[in-house]
There are 2 protein chains.
Amino acid sequence: MSAFLQEARALLAELVAIPTVSAEGRALREGAERVAGLLEALGLRAELQEGYGPPVVYAEGGEGEKTLLFYNHYDVQPPDPLELWESDPFALAEREGAWYGRGTHDDKGELVARLVALRLFREKHGFLPRVKFVVEGEEEVGSPHLADYVRDHRDLLRAEAILWEAGGVDAQGRPYLYAGLKGIVALELRVRTAAFDLHSSYGAVVENPIYRLARAVASLRDEEGRVLIPGFYERVRPLTPKEVEVLSEIPDESESLKSLFGVRDFLGGARNLEFNQRLYAEPCVNLNGFHAGYGGPGSKTVLPAEAFAKLDFRLVPDQDPEEVPELLRRHLEAQGFHDVEVVVLEKGEHPARSDLAHPFVGLARRALEEAFGARAVLYPNMAGSGPMYPFLHHLKAPAVGLGVGYPGSRVHSPNEHIRIADFERGTRALLRLLELYFLGG
Amino acid sequence: MSAFLQEARALLAELVAIPTVSAEGRALREGAERVAGLLEALGLRAELQEGYGPPVVYAEGGEGEKTLLFYNHYDVQPPDPLELWESDPFALAEREGAWYGRGTHDDKGELVARLVALRLFREKHGFLPRVKFVVEGEEEVGSPHLADYVRDHRDLLRAEAILWEAGGVDAQGRPYLYAGLKGIVALELRVRTAAFDLHSSYGAVVENPIYRLARAVASLRDEEGRVLIPGFYERVRPLTPKEVEVLSEIPDESESLKSLFGVRDFLGGARNLEFNQRLYAEPCVNLNGFHAGYGGPGSKTVLPAEAFAKLDFRLVPDQDPEEVPELLRRHLEAQGFHDVEVVVLEKGEHPARSDLAHPFVGLARRALEEAFGARAVLYPNMAGSGPMYPFLHHLKAPAVGLGVGYPGSRVHSPNEHIRIADFERGTRALLRLLELYFLGG
């Protein structure tokens, strides 16, 4: 193993050993301090910034006119279910060419790759380029304070480009990068029709909350997945020719995903460009759960008094996560669902998409292609969500995500890991990007 | 306490002490043997009949030309949750003028009232009238073998009238009787859309089982509760003028139930005759449960792979519980729900309604009114279900239910009880009915 992998492994082992589970408020300050220490060791000035949930680690330093801002997070998902781990989630383990442990990919492995890439840059070129780091501690619980933090520190964070937290290779081993994330807002719908559960024989005269909620849920979209809430699509920014071109270049994974997921067909029979467009560039509504009444074995003649459903909306530019619940309420009201209560579960995240024509996007793609010796896949935004919007909005700079993972990393699951070969090539791509960005072609 | 109440209490204590929980297969043979013993002690020939689940206690004896058949059951509901009982569910306890224990009303208290009424009859009139008893041991699990038992023993069971298992006074203290029960069939609907749960971001392209099942469920009825399955109402026998008259005589409880249940309004705004007609004489569909995906606190961005709903149909003469699942399947198929699987959870029970013009119905009503000194309420059938149909069908005799309970008896719940005053008047009404039936007015 080369020297830089030895070093990476030691750094990663240090970070994985701190159980920074934000959902449980565990070891967050300890994690923040350790991250600050590693950034200082690299030659940056680091500090813990308070007042926005767990400490935000901010660091800056290096030389040059342009600044590159790194966004990462030091918190991790809970390790449960523990019994499914083959080794201690909080002790780095190496097996079959991979490093195992909670956070090895999401996001401690990515942070370490960046530290190592910067160290390699300095060794090779004799100086540290001008970089800033924002490493937060509550990404895994929806980054509830990050938008305020970025707004309040917009001058401090000023940079010409942003490197987003993670990335890697796709299922076919192709390196990929992305220039945006969908927004999200998570809601609950609740219906109560009686003071208590009744014997089901009263179903002849008493309203059933499952029927009411089922009808409300069915009213949200059509059979092909199009959202039927008036005004929902109004703020959707039309795709630029460049965005359509980029979408059409994404390899069509619809057939392989169909068999992997065990689905008969995708919504509306989408494939090729339409599949990519829906998945990466269109908003949607998802039902996460629906619960009411009896769910045990056999039957129970009960008429439940209440029902609830959980759902999330994935949003694209320029939809507004604060407006969507209002549109939903108005829709339900207009459809006669006065009895359906809408509860916003989380503050939500705005959608974000960088300008695909920005030179930084091209540099990042080129760095990947040079390091991997293969064509890189560019996603205008990922299907998932994250707190990218406040950075784009307040810093007026593009953000690109690339990194060291692969689809089998088991992010958020037991036996999370990264493959060492991915880490090595991903880190070399980061180094190449630093060179292209700070030193020119 | 009068001698007959002392005796009743002793008999009831004996039966309650045997934990005949059919759902758990507990003490059923012991219960059957004890019941047979009590029937023998009354002077009947009793035997345990095998081959139809737990033993059926059959007994007959007495003198006369006409025969009255009693249907009761010796099994009870599970006592759970045990911690909510104020005294041991399987030890009879007397508190504030009531007898507490599992089965004190449903159905051991009712059986004891009949034993005592027959003993009082013999003491008063010097002979035992010609009676038969069928006391089964799996009523609380849906009487899965009773229809076969009655069919196979139709000659043995022959009788001119049947006294159904239970009854009592309503919430206003009025004695009531009923001449039928709704049928029932319990089903589960299942939808699976993928091999495993996915991240909710795939909701942009992958079908959601909650949406599919919600739409299927919403297709079953209209906003007023009318079932939309083609053919569902086809076999519904039109009400006779006598049945409509009887329905219109039932006191309107819609206002008091509305406030008791905490409901805004009943389906279709039903009240008075329409309320009674829907509750006691019309079929309906009830959703008992709906479960899919995440149901914990906050949100979880998951796209579940499957969803299921449990439902029951309450049926009226001459609907067929074996036909309804087929009609449902055809309806779902026709609506495009090829992905919704229909699973029949229980064999179901046919609806049953005796001829309201039959003299036995009139005698039973008169007996109640004489014993209570108040007008009795006659229900053409109850809103609930039970295994009455095979008796009516095979014996060609009317069945009437009356008894010793009240709506606060906590049947199936902790602290089940009967009020001693109800027991006393109910037993006197039974005695009066025996006199009217066997001796004439």
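Modeller: Let's start with a definition: two residues are in contact if their C-beta atoms, placed from the backbone, lie within 7 Å. Bear in mind that this is a predicted model, where local features need pLDDT of at least 70, side-chain atom pairs count only at pLDDT 80 or more, and totals for chains, interfaces and linings use all residues. Residues are numbered from 1 along each chain as its sequence is written, and chains are lettered from A and ligands numbered from 1 in the order in which they are written.

Colleague: How do you know that chain A is in contact with chain B, and how many residues are involved?

Modeller: By that 7 Å cut-off, 59 residues of chain A are in contact with 59 residues of chain B.

Colleague: Which element gives the most to chain A's side?

Modeller: That's E12(A), with 9 residues. E12 is a strand, residues 284–293; helices (H or I, at least four residues) and strands (E, at least two) are DSSP runs, numbered from the N terminus.

Colleague: What makes the classes on that side of chain A?

Modeller: Ala, Val, Leu, Ile, Met, Phe, Trp, Tyr, Cys and Pro count as nonpolar, Asp, Glu, Lys and Arg as charged, and the others, Gly among them, as polar. Sorted like that, the side of chain A touching chain B has 31 nonpolar, 17 polar and 11 charged residues.

Colleague: Why do you say that E12(A) and E12 of chain B pair?

Modeller: Two strands pair if DSSP finds at least two bridges between them. E12(A) and E12(B) have 5 bridges, in the antiparallel sense, so they pair. A:Gly289, for one, has B:Gly293 as its bridge partner.

Colleague: Which sense do E3 and E6 of chain B run in?

Modeller: Parallel: 7 bridges join E3(B), residues 63–73, to E6(B), residues 129–136. There, B:Asn72 is partnered with B:Val135. E3(B) is also joined to E7(B), residues 161–164, by 3 bridges, again parallel, with B:Leu69 opposite B:Ile162.
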